[in-house]
Amino acid sequence: AESGEEMPYSWKGYSNPNGVSALTEFNDQLLVGTNGAGLSVRDNSTLEQKKVYTTENSSLPGNIIEGFYEIDGRLFIVTNGGYCWFDGEEFVPAGNDGTLSYLESAARGNSDIKKHNGAMYFLGYIDEGTQEIVRIDSHLNVSKILPGITVRDFALARDGSLLVLSVDGIYQQIQPDKDEFKKILDLPPEQLQGKTADTALIYDALFYDGDKDSLWYSYREEQTQEIAPLIFAPSFLVEYSQGESQKYEIGNGVWPERVFFRGDKTIFSLKVRRSLDSTSDSLIAINDNTLAEYAPDFNLMDFTGEVD
């Protein structure tokens, strides 16, 4: 597929201005978390400030806002002084019911969290080599699925069944909430450099487009005589739909974190490995088998998922 072409898109997203630590839309308003000045509530259209909550004028537990997560019409907030729930008017302390670590991870923007019909899903580890997928519904009830296969990433199908990217293919849960999976797409088995001639292959991410009933997965593959970190290997995205695959090369040391399906456009938020200890952010849009790239000069804190 063609790549790297300039296309007439204007990208819309939130940057990270000084003092802002977290952003979210809630009850048709924009909530702005700050690094010490509490929580600012602004008009979502004009950005006019409506109110500011601090520890002095409310029950907000801390003035440094570290993250938000909305569930069942309430907002879970992580602050330097603890956790709380916010309904748009009042703050209520969050009790420790076994879900706090998951909610905190969600509030901090963990891209590994999946959402479906008000529930959120996490990949966890019982012990070395044994993985589980944890589901928390809108009432904070916790259930767990044991896939019995290595999970590189997972997604949710339209019917709520789990789709799992493993080391040799993509599997689907036979029934929601059951531990049985069947392979629906064969892929070349993963291999590490040195085990076979000059080739390393590892799978990274999985996404599902419910409108088109198509799968997207990413992988890194290196064909070289040199032993180099696989994190810098060429990366690829593949769309699988109706038995056909379309591959896109997205660069070296790149992995997709989030996807936004907008009609004919598919937009990916990417992390780009610059060195062993540094990364930057990038966006790509794919439309009609053509890929357009955008590399902002700031770290993306959030992205609305819209392009014109």
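Gln242 is exposed, with a relative accessible area of 76%. That makes this residue a handy place to start looking around the structure, which is a predicted model. Gln242 sits in the loop that links strand E20 (234-241) to strand E21 (244-252). Its backbone is worth a glance too: phi of Gln242 is near 50°, a positive value in a residue other than glycine.

Now turn to Leu140, found in the loop between strand E12 (130-136) and strand E13 (142-145). Here phi is near 65°, again a positive value for a residue that is not glycine. Is Leu140 buried or exposed? Its relative accessible area is 16%, and because anything under 20% counts as buried, Leu140 is buried.

Leu140 also leads us to Thr99. Leaving aside neighbours within four places in sequence, Thr99 is in contact with Ile136, Leu140 and Val142. Thr99 itself belongs to the loop between strand E9 (91-93) and helix H1 (100-107). With a relative accessibility of 1%, Thr99 counts as buried.

| Residue | Relative accessible area | Class |
|---|---|---|
| Thr99 | 1% | buried |
| Leu140 | 16% | buried |
| Gln242 | 76% | exposed |

Of its 308 residues, 45% are buried. The chain exposes about 16,000 Å², and carbon and sulfur atoms supply 42% of that area. Among contacts with a separation of 6 or more, 38% join residues 24 or more positions apart.

Finally, a word on confidence. The pLDDT of the protein chain averages 82, and 83% of the residues score at least 70. Where is confidence lowest, and where is it highest? The lowest mean, 42, belongs to strand E1 (residues 11-14), while the highest, 97, belongs to strand E16 (residues 169-173). Over residues 1-18 the pLDDT stays under 50, and the model gives this stretch 54 contacts beyond four places in sequence. Residues 297-308 likewise have a pLDDT below 50, with 44 contacts in the model beyond near neighbours in sequence.

How values were computed. Residues are numbered from 1 along each chain as its sequence is written. This is a predicted model: local features need pLDDT of at least 70, side-chain atom pairs count only at pLDDT 80 or more; totals for chains, interfaces and linings use all residues. Side-chain values use heavy atoms; hydrogens and water are left out. Helices (H or I, at least four residues) and strands (E, at least two) are DSSP runs, numbered from the N terminus. Buried means under 20% relative accessible area, exposed over 50%, partly exposed in between (1.4 Å probe, protein chains only). Contact means heavy atoms within 4.5 Å. Accessible areas come from the Shrake-Rupley method with a 1.4 Å probe; for residues, only the protein chains shown count as cover. pLDDT is the predictor's confidence in each residue, from 0 to 100.
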